[in-house]
Amino acid sequence: MKGGLFTSGYGPILIVVVALAVLPFGFSANTTLNFLGFVLIVTLAAQGWNLLAGYGGQFSFGHAAFFGMGAYGIALAQVRFGLNPWLALPLAIALGALTGTILGYLSFRARLRGSYFALVTLAFAEVFRILANASTFTGGAAGVLIPLRIDAANFQFADKRSFYWLALSFVAFVLLLTHWIARSRFGAYLVAVRENEDAARALGVDALAVKLKAITLSGGITAAAGCLYAQKFLYIDANLAFGPWISVEALLAPIIGGIGTVFGPLAGAVLLLGLGEITKTFFTWLLGGAVPGIDLVVFGVLLILCVAFAPRGVLGVLRRILPAFRGGRA
Amino acid sequence: MGVRARAILSHGSMMLKFDIFLSALANGLLTGAVYALIALGLTLIYGVLHIINFAHGATLTLAMFAVFVAHQAFGLDPYIAVFILTPLFFVLGYALQRAVITPASHGDDGNILLVTLGISIIIENALLAIFRSDTRSIDVPYGFSVMEVGPLFLSTPKVIAFVATLAVAGLLWLLLARSDTGKAIRAVAKEKTGAALCGIDVAHIYAVTFGIGTACLAIAACLLMPTFLVNPRVGNAFVLVAFTIVVLGGMGSIGGALAGGLIIGVVESLSGLYFGESLGQIGIFLIFLVVLLFRPTGLFGAKA
């Protein structure tokens, strides 16, 4: 390995990020920018999931817990405490990371693995959802409305492209972080724990510490996605922030794109949400009215097909048929 | 003047409080029995296949809609529909396990989890696409009829559900303890390689077990529908309750599922009485988390 731009694996990240950065010059319609911004939010949430599940092997079914902490954190800091959203952002991310640490400490110390861990994360997300829906501090079932004050200093942009580029910078940062982790000692420990936790422990890996570090990072990243969501739509409620939809999409995107790879969550989110839009449009055209849930039916079918026929996701399939993609493998 | 009003007037206020407590307790036990029936299917599948079926809640919703459609389109009473839907759902479960879950998951536990999650997403959202998110119920003549048991007035459909659950649990126990299929199921649960060496068709037994677990849901749906509402998301509420029961009773333990179901039913009913409906729900989740985090083998210590 020479350590050049391309052999180190940073080259492809640079190319993808630059290509995404110039997209708004070609597609400047508001609906397109809204869609692309949403894709990046889901990507970011999925990147958090991928770090914990893809690299660490700990399958969470409740990443909404972290997403919601970020969304409620940034919204309530503004509405209840009058904080500037730029100041609230790191606090909300820290809240998500802390939630990850606590949740991880409780479940990993109890040696919960596999399905048990999935169940616990799901239950935590549901508890948060019910609490946020019932408590007056979180605005109850009415949710939280962030007052409209369009100003870059207030994390609200007049130009939709600005939001897109901001979200892209988050995604780009996590792409680099993931790539760096994958090649670091910590990343190697993480993969060792995924492949065989008992063997890793026997070789001196502190599995609990490694998993805790991973879930903390994962919680922080997914909370950042929640922050972006709250600032994009300026409204959240318990079902949006802590609802199962984001747990499912954060998990589907990496699995469909390529689990445990740097680009998996991004590729999966683009494919998933793109396909979702096409499905919705098609059925609306076919039946003359919107059909709720039809995109999720397609997602479910896609999930089963991927598990059955493409365990390394779409990127794995591409890598098998196109030799050029093999170079990007770390 | 109704029987109930006379009964209330004839008691003092202390007695009244006790009566309310007693009726909440009884109602909890009655509801808990149906929870137990749902959990029974889940725990049986876990005990034999060692997988958590995430599609359990969605399958229950599907069964409840099947009861709804049978009633609306064909005028079938739920207590008659049960004899058609139970075998139908057995076949559905058998086919799902044999044709979808096994081939798609390549024998990996994480994959099984994802495939059942996929099935649940498909069922839930297909129902949403067809029936929309409206809440529906069926109208049966006995829906609101009550029975007088001592000082209590119990909903007749709930008492029927309670008795039927005990009967189903008894039948299931007989099936597992006495029949050849039951012996094969227990053999596979204990030692699948050994069972295969003895000539037991493990794939068939897996599918039969999944079928029985799914058939339990059809029975539960028929027992629930006279008193419950159905919408595409209703299964979610039941499935976490069922997971809690299974964890509480010990994964794979049938007696544990029965006891766990009754306990959870009572806890939900009493905490609903004293703390209000939404916090009653939190109580269940807290039990779930505490048991899972601090005593993952369940209250009765059954080995998973």
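Which side chains meet in a salt bridge at 4.0 Å, N to O? They are those of Lys280(A) and Asp295(A). This pair links distant parts of the chain, with Lys280(A) in helix 12 (residues 264–287) of chain A and Asp295(A) in helix 13 (residues 294–309) of chain A, 15 residues apart. Helices are DSSP runs of H or I with at least four residues, numbered from the N terminus.

The model is predicted: local features need pLDDT of at least 70, side-chain atom pairs count only at pLDDT 80 or more, and totals for chains, interfaces and linings use all residues. Residues are numbered from 1 along each chain as its sequence is written, chains are lettered from A and ligands numbered from 1 in the order in which they are written, and side-chain values use heavy atoms, without hydrogens and water.

## Salt bridges

A salt bridge is a side-chain nitrogen of Lys or Arg within 4 Å of a carboxyl oxygen of Asp or Glu. Over all chains, the structure holds 11 salt bridges.

| Residues | N to O distance |
|---|---|
| Arg194(A) and Glu195(A) | 3.0 Å |
| Glu197(A) and Arg201(A) | 3.1 Å |
| Lys280(A) and Asp295(A) | 4.0 Å |

Lys280(A) is partly exposed at 35%, whereas Asp295(A) is buried at 15%. Salt bridges that share partners join Arg113(A), Glu197(A), Asp198(A), Arg201(A) and Lys211(A) into one network. Glu197(A) is buried, with a relative accessible area of 8%, while Arg201(A) is partly exposed at 33%. In the remaining tabulated pair, Arg194(A) is partly exposed at 32% and Glu195(A) is exposed at 57%.

## Aromatic pairs

Rings of Phe, Tyr and Trp (its six-membered ring) pair if their centres lie within 6.5 Å; planes under 30 degrees apart count as stacked, over 60 as edge-to-face and the rest as tilted. The whole structure contains 27 aromatic pairs over all chains. Tyr229(A) and Trp245(A) form a tilted pair, because their ring centres are 5.8 Å apart and their planes meet at 45°. The pair connects distant parts of the chain, Tyr229(A) in helix 9 (residues 207–233) of chain A and Trp245(A) in helix 11 (residues 244–257) of chain A, 16 residues apart. Tyr229(A) is buried at 7% relative accessible area, and Trp245(A) is partly exposed at 22%.

In chain B, Phe68(B) and Phe131(B) form an edge-to-face pair, at 6.5 Å centre to centre and 80° between the planes. Phe68(B) lies in helix 3 (residues 56–74) of chain B and Phe131(B) in helix 5 (residues 109–131) of chain B, so the pair ties together parts 63 residues apart in sequence. Both Phe68(B) and Phe131(B) are buried. Returning to chain A, ring pairs link Phe38(A), Phe67(A), Tyr229(A), Phe233(A) and Trp245(A) into a cluster.

Terms used. Helices (H or I, at least four residues) and strands (E, at least two) are DSSP runs, numbered from the N terminus. Buried means under 20% relative accessible area, exposed over 50%, partly exposed in between (1.4 Å probe, protein chains only).
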